Amino acid sequence: MKGYITTILCASSCVGNALELDISQAISDAEAQKLTIPEESEYRVPTLNQYGYMFTKFDPIVERFLHLIESNPEQPFFEVGGAYGNVAEAALEKGAKNYGLNDCEERHLKSFAKKLQDQGKTELFQALHLISGRCPEDVKIGPNSLEAMLVNKVLHFFSPETIDTFVQWIYEGLKPNGRVFVMTISPFYKGHQDLLAAYQTKKETGIRFPGYCSQFRESKAAQKYEEETRPASLLFMELDTLKQLFIQHGFQIEEEFELAIIDQDNHEWMPGQDMVGIIAQKI
Ligand SMILES: C[S@@+](CC[C@H](N)C(=O)[O-])C[C@H]1O[C@@H](n2cnc3c(N)ncnc32)[C@H](O)[C@@H]1O
């Protein structure tokens with residue numbers, strides 16, 4: 001069992017973390033285990049642990065996050081569930097001096113470290129902290145320490161029972177006025193029509209999270225994804241549910257998004273119904 005760990009983000013740029021991977025060791029492990037980042041198809045790179053895909057084309061929420069980093073590169077930033085590090089790489093290239101890239105699948109982080117080395121981008125390592133572990137339980141962020149956090153396509157893996165602890169953990173880790181950038185899956189996601197009737201019925205009962213699908217992996221909708229990417233459960237949220245969740249934990253909503261998913265028919269992020277997102281500020 002993993003020990004409880006402490007992340008301390010200092011003003012300078014240090015992160016003390018019991019689960020911070022040593023980058024040289026991560027690269028050696030990736031070589032020994034022959035880890036490589038899987039091939040991209042339709043902007044998606046499959047995860048190794050049944051948690052969907054990393055997307056290679058940045059959505060408008062990621063773009064905003066990167067823009068903030070570019071204008072405040074000295075500040076500490078943290079990304080939950082960043083998979084193979086494509087946003088982290090862009091952030092570091094934009095000058096981030098203290099970037100925590102987290103994922104609960106160590107092989108994702110190790111593959112990313114090896115990729116940077118293979119591409120001769122080792123100068124990026126000094127600002128990069130690879131934080132392996134499941135948020136929030138394995139990763140303790142120092143209170144009021146982060147300028148901003150990115151939670152992109154990760155929130156939907158929580159359940160109605162676990163989500164409040166996670167959002168509270170985000171709130172506590174951010175500095176006053178710090179921001180969280182979130183994107184998550186909506187009940188109107190393309191190709192998930194067979195789940196919609198159950199969602200509407202549950203919504204009519206007035207429950208807080210009508211979009212929780214505890215048996216997603218067994219659903220018809222799930223069968224169109226490769227088996228190795230299929231999550232066990234999914235928590236679908238409409239924009240209003242997402243906003244209320246963050247407002248209840250002390251955030252103010254700054255910006256909101258409703259987006260169509262990118263795929264072979266839709267090559268650009270544009271307004272639509274598949275994904276919802278917010279930029280929210282700690283007040
Ligand atoms: C769907 S992928 C999204 C990757 C990337 N953020 C993106 O938007 O393209 C979700 C990633 O989050 C990780 N993950 C899921 N739950 C997590 C948790 N509680 N803590 C840390 N990582 C988590 C998974 O291992 C996976 O790499």
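Visitor: Which residue in E7 is the bridge partner of Pro-76?
Guide: The bridge partner of Pro-76 in E7 is Asn-98. Helices (H or I, at least four residues) and strands (E, at least two) are DSSP runs, numbered from the N terminus. This is a predicted model, in which local features need pLDDT of at least 70 and side-chain atom pairs count only at pLDDT 80 or more, while totals for chains, interfaces and linings use all residues. Residues are numbered from 1 along each chain as its sequence is written.

Visitor: How many bridges join E6 to E7?
Guide: Strand E6 (residues 76-80) is joined to E7 by 4 bridges, and the two run parallel. Two strands pair if DSSP finds at least two bridges between them. Between E6 and E7 the chain passes through helix H3 (residues 86-93), in a right-handed β-α-β crossover. Right-handed means that, with the strands pointing away from the viewer, the path from the first strand over the helix to the second runs clockwise.

Visitor: And what about E8, how many bridges there?
Guide: E7 and strand E8 (residues 128-132) run parallel, with 5 bridges between them. Asn-102 has Ile-131 as its bridge partner in E8. Together with helix H4 (residues 106-118), E7 and E8 form a right-handed β-α-β unit.

Visitor: How many residues of E7 are buried?
Guide: In strand E7 (residues 98-103), 6 of 6 residues are buried, that is, 20 or more other C-beta atoms lie within 10 Å of their own, with C-beta atoms placed from the backbone. Asn-98, Gly-100 and Asn-102 cover one side, and Tyr-99, Leu-101 and Asp-103 the other.

Visitor: Changing topic: which residues are closest to the ligand?
Guide: The closest are Tyr-51, Gly-52, Gly-81, Ala-83 and Asn-152, in a shell of 22 residues, each with its C-beta atom, placed from the backbone, within 6 Å of the ligand. Strand E5 (53-55) and E7 are the elements giving two or more residues to this shell, and E5 has the largest share, 3 residues.

Visitor: What is the shell like by class?
Guide: There are 10 nonpolar, 8 polar and 4 charged residues. Ala, Val, Leu, Ile, Met, Phe, Trp, Tyr, Cys and Pro count as nonpolar, Asp, Glu, Lys and Arg as charged, and the others, Gly among them, as polar.

Visitor: Finally, how many helices and strands does the whole chain have?
Guide: The protein chain has 7 helices and 16 strands. Buried residues make up 46% of its 283 residues.

Terms used:
A residue is buried if 20 or more other C-beta atoms lie within 10 Å of its own, exposed if 12 or fewer, and partly exposed in between; C-beta atoms are placed from the backbone.
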